[in-house]
Amino acid sequence: MKNKYPDKIINKNAFMSAWQKTCETAGTNTLVIPRTGTFLLKKSTILKGPCMATSILIELQGKIIAPPQNAWQGGSSMILVTNINGLTINGNGGLIDGDGSTWWPCGKNCTRPSVISFNACNGLTVNYLSITNSPKAHITINGCVGATFSHINIQAPGDSPNTDGIDISSSKNILIKDSNIASGDDCIAIIGDSSYINATGIACGPGHGISIGSLGKNNGHDNVEQVHVYNCSFTNTKNGARIKTFQGGPVGVQVSEVTFREFQGTSTDDRAITFACGPQGCLNIVLDHVSITSSSGKPASCSCTNAHGTGHNYNVLDFGAKGDGKTDDSQAFIQAWQSTCGAQGVATLLIPQNYVFLLTPILLKGPCYASTQIQIRGKVVAAEMNAWPTYKSAWIMISNVNGLTVDGSGGLIDGYGSSWWSCGDCQRPSAITFNSCNDLSVSYLSIVNSPKAHMHIHSCVGATFSSISIQSPADTHNTDGMDVYASKNIWIRDSTIACGDDCIAISGGSSYVNVSGIACGPGHGISIGSLGRGNGNTVEEVHVQNCNFTNTKNGARIKTFSDGSGYARGITFEEITLNQVRNPIIIDQFYHNSNSRNGGVEVSGITYRGFQGTCVNGAAITLDCGPQGCTNIMLDGNAIVSTEPGKPATCSCNNAHGTASSTVPDCSCLLP
């Protein structure tokens, strides 16, 4: 969409005409708002679906501005994006200005619009969007499932009323990351029936912090659950981490299972921590590694009203564990776990430092009465293969435990894989398996030398894995780092994985999996699949971002058997750094050289964006699709070169349909 009159008005109808053509044309389409002008929208512009297009990219390169309040012609949002699935918005170089200064003085006497609202948009990706001076909230997200917002820049004065940065309501599986938000109210507010919300790398300030709520207005019933806010900073804000509810109703809003961990810094007065809970009380509050001092000259304080958080520690030494690295401590661990799981309130299984605990296979089984934590401070070592009393699929199996937190700070799990690897025909176990564990948090866990996969995640809903370290030699067969199977709402981030197979493999009925900040290598890269054998051969809504591959066999891989069925769809790999990778981008629909050329797993809606670096054999991009074809493949902004002198990087395609822009090597082999 071109503006013939730079810095003049382009009306709503021009936007709508361009949108309708983009939406109603089948295939992969791009709507461009060019950098050549400033575009004025006087009335709410509605970009509405559903669309015939299977994939839509909006490139916001220019500037969109709202008129002053007295020229606004109506609408609750300057731009409303509704009922569009699989939309990507890139705002790199563009700007949306809400001209809020003309609205703010009217306070509550006028109905102020937000700048941009996303309603019922699933599989949404928004990158590098800059918004300034909204009349009210800058971004609202309502009724969306599966959305990623990264590198968002929001700016409004600290005294601008109700100018929230991002408001989330009635939505789930939302990731907000690596963004700067300065506003006159909440940087992020999570309200009204929202769940599985992750926020990381947010610089907030000025503003009112990151808030849950407000909830329970007019005696309403509001739920928010499974929110994880991590690695954020608050500067000159009114609040930091806030939960706000109205007291109304006979019971009030129930607040429970809230953890505040690793807070460091200063407060402007002495009130560092305030728990003002209603008569029903706040339950299972955890404060861990919190260090807040007051800049007022007074000691920082903590005040509590009806707040409950006292728990019990169950040390494995108290149940007979020796920790000498020779005695089998398995029964002591099981007994300590049974006491932990059966306790009331908050209970912690403690594996203390300065001990080495030898274990044969153990099962830590729920459901539990307690809000349960496991702290691994010492070293846990597997018995050698010949000492196992019987084969088990996992050395440490944790099953049916909801709300579990595992903190491995200072500890180590050693699978003693060297006693298994030479046995090619043996059934080998994983080091640790989480089975049917919902609302799981695992951090700072170090695992080395698993017999097979280091970590297996099976049938879990809502799990976060952060600061994981996995190490095994590159030549160890099938020692995947992390296998995700039949699970959803999984977030793996800020981890280092070196192994003999896939650093991360996502397969078997998994969806809404986010992976970010992974250093992979050696290994076989990050894979979707393999798919097409057995049951549960579907994977969708996977977002892999800001990862690096070093000396790996593959980078971003999709692998399927040619004679199977199922699908891999809605998958994005972006901001990937490559260092001597053999197959940086590969779709292999003939995995293990399967001979069948019929049927196959459907692969569609795959995006590769922002790959930078080197490949070792020239085969930079390989899209080897089955007879049914891969559809809606998007290559955008990639630059991959070969390290072999005189051998340029190449792109090869077989039945691959999609588009390529700003990509090296050239991928003109893609079919429309």
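Me: Contact means heavy atoms within 4.5 Å. With that cut-off, which residues count as touching His 524, leaving out those up to four places away in sequence?
Reply: This is a predicted model, and in it His 524 touches Gly 500, Asp 501, Asp 502, Cys 503, Lys 553, Asn 554 and Arg 557. As for its place, His 524 sits in the loop between β46 (510-520) and β47 (526-531).

Me: Why is His 524 called buried?
Reply: Buried means under 20% relative accessible area. His 524 comes out at 18%, so it gets the label.

Me: What does the side chain of His 524 reach at 3.5 Å?
Reply: That would be the backbone oxygen of Gly 500. Gly 500 is also one of the residues that His 524 touches.

Me: Over to Asn 90. What makes it buried?
Reply: Its relative accessible area is 8%. The cut-off is under 20%, so Asn 90 is buried. You'll find Asn 90 in strand β7 (residues 87-90).

Me: What makes the pair Asn 90 and Asn 127 a polar contact?
Reply: A polar contact needs a pair of N or O atoms within 3.5 Å, one able to donate a hydrogen and the other to accept it. The two side chains are listed at 3.5 Å, and the pair counts as a polar contact. Asn 127 also turns up among the residues Asn 90 touches, along with Leu 57, Ile 58, Glu 59, Leu 60, Arg 609 and Asp 636.

Me: Why is Ala 656 called buried?
Reply: Its relative accessible area is 1%, and the label asks for under 20%, so Ala 656 qualifies. Ala 656 belongs to strand β56 and touches Leu 623, Cys 625, Cys 630, Cys 669, Leu 670 and Leu 671, not counting residues up to four places away in sequence.

Me: Why does the peptide bond between Gly 205 and Pro 206 get called cis?
Reply: Omega there is about 0 degrees, and the bond is cis. Most peptide bonds are trans. Pro 206 is in the loop between β18 (194-204) and β19 (210-215). Another cis bond runs from Val 664 to Pro 665, with omega near 5 degrees; Pro 665 lies in the segment after β56 (656-664).

Me: Zooming out, how do you know whether the protein chain is as compact as a globular protein of its length?
Reply: First, the make-up: 2 helices and 56 strands. The radius of gyration is 26 Å, close to the 26 Å the globule rule gives for 672 residues, so the protein chain is as compact as a globular protein of that length.

Me: What share of the 672 residues is buried, and what share of the contacts between residues at least 6 apart joins residues at least 24 apart?
Reply: Buried residues make up 54%. For those contacts, the share joining residues at least 24 apart is 75%.

Conventions. Residues are numbered from 1 along each chain as its sequence is written. This is a predicted model: local features need pLDDT of at least 70, side-chain atom pairs count only at pLDDT 80 or more; totals for chains, interfaces and linings use all residues. Side-chain values use heavy atoms; hydrogens and water are left out. Helices (H or I, at least four residues) and strands (E, at least two) are DSSP runs, numbered from the N terminus. The radius of gyration is taken over C-alpha atoms; the globule rule is 2.2 Å times the number of residues to the power 0.38. Buried means under 20% relative accessible area, exposed over 50%, partly exposed in between (1.4 Å probe, protein chains only).
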